[in-house]
Amino acid sequence: MFKLENDAERQRTIKRIEEVKARIDKMRVTHGPEASKLYAKANRHHVAELEEQIRVYDEERKESG
């Protein structure tokens with residue numbers, strides 16, 4: 001797992017999560033609910049990993065100061 005080193009990386013990671021979720025919403029409109037479900041399922045692990053990186057970073061920041 002990639003480790004976030006600073007707030008800028010944290011913000012970029014949040015933006016990546018938001019972009020994936022926006023693509024899922026766009027697919028729902030353009031390709032229908034089944035296609036968006038498949039895309040969401042295919043990207044579920046990636047989003048979960050990004051969210052875990054943020055969680056770990058926040059936890060480490062909390063413990064250090």
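Here are some questions and answers about this predicted model.

Q: How do you know that the length of helix H2 agrees with its number of residues?
A: Helix H2 covers residues 33-64, which is 32 residues. At 1.5 Å a residue they should span 46 Å, and the end C-alpha atoms are 44 Å apart, so the two values agree.

Q: And what about H1, how does its reach compare with the expected value?
A: H1 has 25 residues and runs 35 Å from its first C-alpha to its last, close to the 36 Å expected.

Q: Where does H2 bend, and by how much?
A: The bend is at Asn43, and it is about 50 degrees. Asn43 is also among the buried residues of H2, together with Val47 and Leu50.

Q: What covers the buried residues of each helix?
A: For H2, the cover includes helix H1 (7-31). For H1, whose buried residues include Ile17, Val20 and Ile24, the cover includes H2.

Q: What makes the contact between Asp7 and Arg61 a salt bridge?
A: A salt bridge needs a side-chain nitrogen of Lys or Arg within 4 Å of a carboxyl oxygen of Asp or Glu. Here the N to O distance is 2.8 Å, so the pair qualifies. The partners lie in distant parts of the chain: Asp7 is in helix H1 and Arg61 is in helix H2, 54 residues apart.

Q: Why is Asp7 called partly exposed?
A: Buried means under 20% relative accessible area and exposed means over 50%. Asp7 has 40%, so it falls in between. Arg61, at 44%, counts as partly exposed too.

Q: How do you know that Asp58 and Arg10 meet in a salt bridge?
A: Their N to O distance is 2.7 Å, and the cut-off is 4 Å, so they count as a salt bridge. This pair also links distant parts of the chain, with Asp58 in helix H2 and Arg10 in helix H1, 48 residues apart. Asp58 has 32% relative accessibility, so it is partly exposed.

Q: Why are Arg55 and Glu59 separated by about one helical turn?
A: Because they are four residues apart in helix H2.

Q: How many salt bridges does a search of the whole structure find?
A: It finds nine.

Terms used. Residues are numbered from 1 along each chain as its sequence is written. This is a predicted model: local features need pLDDT of at least 70, side-chain atom pairs count only at pLDDT 80 or more; totals for chains, interfaces and linings use all residues. Side-chain values use heavy atoms; hydrogens and water are left out. Helices (H or I, at least four residues) and strands (E, at least two) are DSSP runs, numbered from the N terminus. The expected span of a helix is 1.5 Å times one less than its number of residues. The bend at a residue is the angle between axes fitted to the seven residues ending there and the seven starting there. Buried means under 20% relative accessible area, exposed over 50%, partly exposed in between (1.4 Å probe, protein chains only). Contact means heavy atoms within 4.5 Å.
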